[in-house]
Amino acid sequence: MLHVEDLNIEFHDHIIPETVVYDFDLDIESGEIVGLVGESGSGKSMSALAIAGLLNRHDARKKGSIVFEGIDILNCPREILRSVQGDKISMIFQEPMTSLNPVKKIGWQVEEALRIHTDMNKEERKQKALEMLKEVELDDPERIYRSYPHQLSGGMRQRVMIAAAMINSPKLLIADEPTTALDVTVQAQIVSLLKRINKEKGTAILFISHDLSLVRQLCKRVIVMKSGYIVDSGETEEIFSNPKHEYTKNLISSIPQVKLD
Amino acid sequence: MSDVCNNQTRILEVKDLFVSFTEEKSSLFDKKKKIDVLNGISFDMYEGEIVGLVGESGCGKSTLAKSILGLNKITKGDIIHYSQYPQMIFQDPYNSLNPSKTIEFILEESLKNLTKLNVEERRQKAKKRLEQVGLDDHYLIHKPGELSGGQRQRVCIANALMLDPKLLIADEPVSALDVTIQAQIIKLLAGLQKELGLSILFISHDLRVVYELCDRVMIMKDGKIIEDGTVDEVYRNPQTDYTKQLLLSAGIM
Amino acid sequence: MNLRIKKNANSIMGIVLTAIVVIPAIIGIFWTPYDPETINGSLKLAGASWAHPFGCDNFGRDILSRIMLGSSTTFLIGMGTVIGGAVVGTLVGALTGFYGGVIDEVLMRFNDVMLSFPSLLLALTFVAIFGPGKYRVMWALAIAFVPSFARIIRAEFKRVKNMDYVKAARLSGASDFRIMYVHILPNTVKVLINAVLIGFNNAVLAEAGLSFLGIGVQPPDASLGRMLSDSQTYLFTKPSYAIIPGMAIIVMVLGVSMIGKEVE
């Protein structure tokens, strides 16, 4: 479904061009959850933004190819890219505080993708939005629909983001550190929500995180990045039991261990 | 509450602490709203102990830390220190170091204010502390902007140690850092605690990190301490549903 | 915080433009080709020549000399105004931003009242009280500029006050004065510099405005605004008399604002 080959990302907003991603390869089949792990600055978010077609075409020069369902994301006309974004590919971000527009009601924001990609009327859109809010396990969707982002907690906001991202039943959901800013208990809830969505709707998920233990709970396959390079990739359990790269070993040993008894 | 370390010297006593804030008025005619943040907190800390303080954001754990250090007003209750110059390590290493000063200036600030050491003695002490946190002394001339998050947090730890405190309060010192760096900082804190005989109040939301580092753990919810005991006791046999839920979410139970 | 000016076309242009006016102005304080106040009837409204590159004005005074002296007057009034305004404004802003409470409420409400008048209007009022003249205009403008500086610095102090490094400084035993002066103030410099540069431009324009209205710098003193005012009668007979001081104002303001944009 998604095929990324030899992706290099170079930034040209400084005098000396800076390469942030080297030779990035990735394949995602529909319905799969793939983890992308690395520390801040490893290029994981940049790769994800490129896949979602969100990297500015002027500042960032990209080489290689990103093909999503036959569409060449890097070189296709903007209209085609726009028709894919929010419809077949959608994305959720780390900071649920800043990724929702503070002056618009939740309902309006959840419906945005419907407004752009479908010709549903107002009533149909509202029905669909309420259904989605219920889907992400928010109590009292009617009230949430009418609320503003600041009236909700961090966990609720992230659920709203997921509802907005999932409303057109995309084929691929890119989740960029969706739980990092949340409390542990809420983290666990969001992870199980993503799991459920994947199982019920068959949406493929690219799950970006710096937390290997979280990735282990969610993803069958994992890619480890460091300073712009992929240093390890494969089945999650395989990587845990037999890490090839020194950095991966380091990551695994950094997970705090609790051994009762 | 807990009977650990009963025969040791007390270093901190918090008795029936209440803190509430008044919300800023949004218009001239609004009534001031009072928000209770801490609702009757009592606990003791003993010399050489690492105590974990766990709770979700908004439960009042940072307020408790600041109250203990006199950084905000308390409404009711007592805080008794049995040691001099308790210090704090903050969560975000990006705004806990003054960006316009050199590392040397930052480290020597407290010595300038509170001791009579001369220039050379101050520099020697700064070098020593930097070395103890694993940085070499050429960092003295750098400014915080030139350091990585992990290095900054090391500088913060060195800075907290400049006055030879006995009590250190660490407010989520690793949650803004990458996992591998987290592990290094935890190791560093554990080492320093042994070397210097510190008592550390370690605030965190990560029960796994608390397990690695702490002897004792206190669970906080809605401004109250709802559980207090040795890490083993609490993790094996949690008394409240909330603690159980926390343990479950962390994948421990 | 390291203050520097970005090296790009914009800032180089800014520096060049500012220098075109400021360097002759600085020279003008000590030396001018002719005495700018000597009246010479035979040279009345003389055109440009090798001896008088910009020609002479209605009293036969050398325009180049008067421009040099006039820009230095305008420049000094601009500098004096922003320095005075910035020093007092910083003091007020620092105290109110740091301590808050009742002083803050009272001073800031007073500030709001002052800010609700355009600074030119406020300066007019003060000139009316003090009377016209070079230094009085400077004082009047400086007072009129205090509120805007106070407001900016207060906001910065309120922001920086809540940073963890200020808490750390408190834990290391620093006094309130030391926290304000050593720990907070240097971190507001970037904003302050920008405010000073914008303020300088406003002061130059305000001086020109006041002098143009005839209540600023008084003859025989020269200032760019004064010259504009004097030249209006001769706008059609000798347009260069008005254009040259006008250009000097534009170039100085443009240059300074281009530099201001590139400070980081």
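Of the two pairs of chains that touch, chains A and B have the most contacts; two residues are in contact if their C-beta atoms, placed from the backbone, lie within 7 Å. This is a predicted model, in which local features need pLDDT of at least 70 and side-chain atom pairs count only at pLDDT 80 or more, while totals for chains, interfaces and linings use all residues. Residues are numbered from 1 along each chain as its sequence is written, and chains are lettered from A and ligands numbered from 1 in the order in which they are written.

Chain A and chain C do not touch, and their nearest C-alpha atoms are 11 Å apart.

Now the strand, β3 (residues 50-54) of chain B. Helices (H or I, at least four residues) and strands (E, at least two) are DSSP runs, numbered from the N terminus. Five of the five residues of β3(B) are buried, so the strand is largely enclosed by the rest of the structure. Buried means that 20 or more other C-beta atoms lie within 10 Å of the residue's own, with C-beta atoms placed from the backbone. I50(B), G52(B) and V54(B) are buried on one side, and V51(B) and L53(B) on the other, which leaves both faces covered.

β3(B) also has strand partners; two strands pair if DSSP finds at least two bridges between them. Strand β7 (residues 199-204) of chain B runs parallel to β3(B) and is joined to it by five bridges. There, I50(B) has I200(B) as its bridge partner. With strand β8 (residues 216-221) of chain B, β3(B) pairs in the parallel sense over four bridges. In β8(B), V217(B) stands opposite G52(B).

Conventions:
A residue is buried if 20 or more other C-beta atoms lie within 10 Å of its own, exposed if 12 or fewer, and partly exposed in between; C-beta atoms are placed from the backbone.
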